[in-house]
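Let's take a walk through this structure together. Keep the picture open while you read, and look up each spot as we get to it.

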Amino acid sequence: MTDNGWFQYAPLIVLIDRQKAGRFGRHSCLAAAVGLFALLALLGATQAPAEEETEGQKASKEVLGLFRPGAAPPTWFFRRLGKGEKTLEFSFATAEDKPVLGDWDNDGADTVGVFRPSNATWYLKNENSAGGHDISFAYAFSTDVPVVGDWDGDGDDTVGVFRPSNATWYLKNANQAGPQDIRMVFGLTGDRPVVGDWNGDGKDGVGVFRPSNARWYLRNSLTSGGNEIPSFAFANPGDRPVTGDWDEDGLDTAGVFRPGNATWYFRNSFTSGPADETQVFGSSDDLPIVGRFTW
Ligand SMILES: [Ca+2]
Ligand SMILES: [Ca+2]
Ligand SMILES: [Ca+2]
Ligand SMILES: [Ca+2]
């Protein structure tokens with residue numbers, strides 16, 4: 001390998017994430033100690049594709065998910081945002097279930113779960129694979145809309161619901177039966193609830209997408225009140241809202257899945273305007289979810 005080879009890999013090194021950068025740093029010390037031969041060997045090793053992350057590490061991009069309740073059996077599909085070639089697919093849950101995705105065990109990987117309206121019971125899995133649930137408990141009412149988030153910033157995601165009848169959120173800090181830890185009024189009957197860390201403080205806030213005017217209303221504080229971020233118009237009334245950090249700047253923002261054309265639309269700022277990015281993935285009856293994990 002020549003000096004030109006080194007410069008060929010220099011941009012790759014810049015792109016390495018923090019965890020990989022730490023590994024590279026240790027290797028660099030070794031290379032300096034044993035000389036050029038070891039350095040060249042290291043540069044060869046950095047050719048390993050960036051996809052090689054172990055389960056539990058935060059992925060570098062959001063994963064788009066779909067729950068297809070009409071499939072027999074109901075099936076989940078996942079694809080990395082911006083990368084269409086690698087899809088994960090498995091069966092779990094029943095046709096009536098409402099999908100959620102969260103890091104229940106605080107290992108850095110989001111995994112699937114569902115809220116089953118008929119018995120108001122949650123079924124959560126710690127692996128993204130076919131098979132039974134790891135956790136189940138009854139919480140909330142059949143008519144509630146399930147949400148999940150890290151309300152207290154401790155790293156694990158826990159359940160909650162938005163109750164349309166009184167526009168009230170009932171959030172828990174543990175995935176178990178029992179009363180809510182947080183009760184707050186926010187939004188209107190008819191709103192579709194969303195969850196995200198809008199301000200990057202490590203705690204999820206709440207929000208709603210209002211189909212009647214296709215506007216978003218977001219709140220950082222888990223207390224009753226109005227939107228803390230000026231509302232903005234994005235997407236169409238019939239779209240299914242999602243949220244995520246599409247551009248990796250540390251802030252979650254708005255997105256939607258549009259059933260009519262099975263296309264996702266992503267917005268990177270809290271302002272009115274068109275999509276910053278789009279991706280075609282899914283079919284019209286799918287229910288969208290977003291999270292972070294590798295496979
Ligand atoms: Ca996990
Ligand atoms: Ca938490
Ligand atoms: Ca926050
Ligand atoms: Ca962002």
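Before we start, one term: two strands count as paired if DSSP finds at least two bridges between them. With that in hand, look at Gly207, which stands opposite Leu218 in β14. Keep in mind that this is a predicted model.

## The sheet with β12 to β15

Strand β13 (residues 205-210) and strand β14 (residues 215-219) run antiparallel and are joined by five bridges. They sit in an open sheet of four strands, in the order β12-β13-β14-β15, with antiparallel pairing. Which strands are at the edges? They are β12 (192-196) and β15 (229-233), and each of them pairs on one side only. On average, neighbouring strands of this sheet are turned by 25° against each other, if you ignore direction.

## The sheet with β4 to β7

Here is another open sheet of four strands, ordered β4-β5-β6-β7, and the pairing is antiparallel. Its edge strands, each pairing on one side only, are β4 (98-102) and β7 (135-138). From one strand to the next, the twist averages 20°.

Zoom in on one pair: strand β6 (residues 121-124) and β7 are antiparallel partners over four bridges. To find your place there, look for Thr121, which stands opposite Ala138 in β7.

## Strand β9 and its partners

Is β9 mostly covered or uncovered? Strand β9 (residues 158-163) is mostly covered, since five of its six residues are buried. It pairs with strand β8 (residues 145-149) in the antiparallel sense, over five bridges. In that pairing, Val145 has Phe162 of β9 as its bridge partner.

β9 also has a link to strand β10 (residues 168-171): four bridges join the two, which run antiparallel. Arg163 stands opposite Thr168 in β10. β9 and β10 form a hairpin with four residues between them, and one of the residues in the turn is Ala167.

Some background first: most residues other than glycine have a negative phi, and most peptide bonds are trans. So what is going on at Ala167? Its phi is near 50°, a positive value in a residue other than glycine. Ala167 counts as partly exposed because it has 18 C-beta neighbours inside 10 Å.

Ala93 is not a glycine either, and its phi is positive too, at about 85°. You'll find Ala93 in the loop between β3 (87-91) and β4. Is Ala93 buried or exposed? Ala93 is buried, because 22 other C-beta atoms lie within 10 Å, and the cut-off for buried is 20 or more. Then there's the peptide bond from Ala72 to Pro73, which is cis, with omega near -5°. Pro73 is in the loop between β1 (63-68) and β2 (75-80).

Last stop: Trp295, in the segment after β20 (287-291). Which residues does Trp295 touch, leaving aside its neighbours within four places in sequence? Trp295 is in contact with Leu88 and Asn128. Leu88 and Trp295 are 207 residues apart along the chain, yet their C-alpha atoms are separated by 7.7 Å.

Trp295 counts as partly exposed because it has 15 C-beta neighbours inside 10 Å. That number falls between the cut-offs, as exposed means 12 or fewer and buried means 20 or more.

Notes. Residues are numbered from 1 along each chain as its sequence is written. Chains are lettered from A and ligands numbered from 1 in the order in which they are written. This is a predicted model: local features need pLDDT of at least 70, side-chain atom pairs count only at pLDDT 80 or more; totals for chains, interfaces and linings use all residues. Two residues are in contact if their C-beta atoms, placed from the backbone, lie within 7 Å. Axes are lines fitted to C-alpha atoms, for helices over the stretch in contact, and angles run from 0 to 180 degrees between N-to-C directions.
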